[in-house]
Amino acid sequence: MSDFVWNSWGVSVIGPSHLKTGIPNQDSWMARRYSWGNVIVVSDGLGSKPYSDCGSKAACLAVFEAAKSYQKNKQANIDVIPRLVHANWLVKVGPLPPSDCAATCLFAIQIEEDIILGRLGDGMIVVYCESEKDCFILSDDKQDSFSNYTYSLHSEFRPEHWEIATVKSARCMAIVLCTDGISDDLLPEKQLDFAAELYNAYRDVSCQKRTRDVRAWLNNWPVPGHSDDKTIACLFKQGDVI
């Protein structure tokens, strides 16, 4: 019989360009464990917006509030979650203008046997499972894009901009969320390998060592000319999962 618990971790580092110009890290991540499950979220504030760092923090808090509301009424359609996130985000960025706080939003909400995934804007969500056929990735195909425009939380709620999916927690080993400072530098065919290596390398490592190691390789990102903030968060099974 499986003997495991869901655990989570995350790391965010400021990009070289923001470090040089004195601009704060515009990425945020948060993770929380509740009696009914777990929530992780990452958000990337749009660089062109003056309060995008506030917007990304508000996005994380908005997901927590939405998850708590949804789990009280799990018979509701999961499509209600993005609407709850947006409504909570508007409250949390006030009194700042929402247009000045635009931010992306990626989350994973684990409630009992289900994990609900949501993605708005850039970045990627990798679902890593024991069986390769069950693995999948939510991300933009930027090779086919002619614009740098990305969807984000702003004043108007646009449900068609959200991507929502579910996965059975029994099949899943880890969920990895990354902002585009990481995902844009990974070849599409390497994204799943990246998540698998993270899970296998750090599932049984102490929190302090894991954070130290991940922060070090994010700060020494091997892609020439990289400049963006970089944030990664992981929800994973820890313990005996055989």
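## The cavity

On a 1 Å grid over the protein atoms alone, a cavity is a set of points where a 1.4 Å probe fits but cannot get out, and its lining residues have an atom within 4 Å of a point. This is a predicted model: local features need pLDDT of at least 70 and side-chain atom pairs count only at pLDDT 80 or more, while totals for chains, interfaces and linings use all residues. Residues are numbered from 1 along each chain as its sequence is written, and side-chain values use heavy atoms, with hydrogens and water left out.

There is one cavity of 30 Å³ or more. The largest cavity has a volume of about 50 Å³, the space filled by probe spheres set on grid points joined across faces, edges and corners. Its lining includes His86, Leu120, Ser152, Glu156, Arg158 and Trp162. Sorted by class, the lining has four nonpolar, four polar and two charged residues; Ala, Val, Leu, Ile, Met, Phe, Trp, Tyr, Cys and Pro count as nonpolar, Asp, Glu, Lys and Arg as charged, and the others as polar.

## Nonpolar cores

A nonpolar core is a set of buried (under 20% relative accessible area, 1.4 Å probe, protein chains only) Ala, Val, Leu, Ile, Met, Phe, Trp, Tyr and Cys residues joined through side-chain atoms within 4.5 Å. The largest has 45 residues, and Ile175 and Ile232 have the most contacts inside it. Apart from that core lies another of 27 residues, among them Val39, Cys60, Ala66 and Trp162. Trp162 also lines the largest cavity.

Conventions:
Buried means under 20% relative accessible area, exposed over 50%, partly exposed in between (1.4 Å probe, protein chains only). On a 1 Å grid over the protein atoms alone, a cavity is a set of points where a 1.4 Å probe fits but cannot get out, and a pocket is an open set with protein on both sides within 12 Å along at least five of seven lines; lining residues have an atom within 4 Å of a point.
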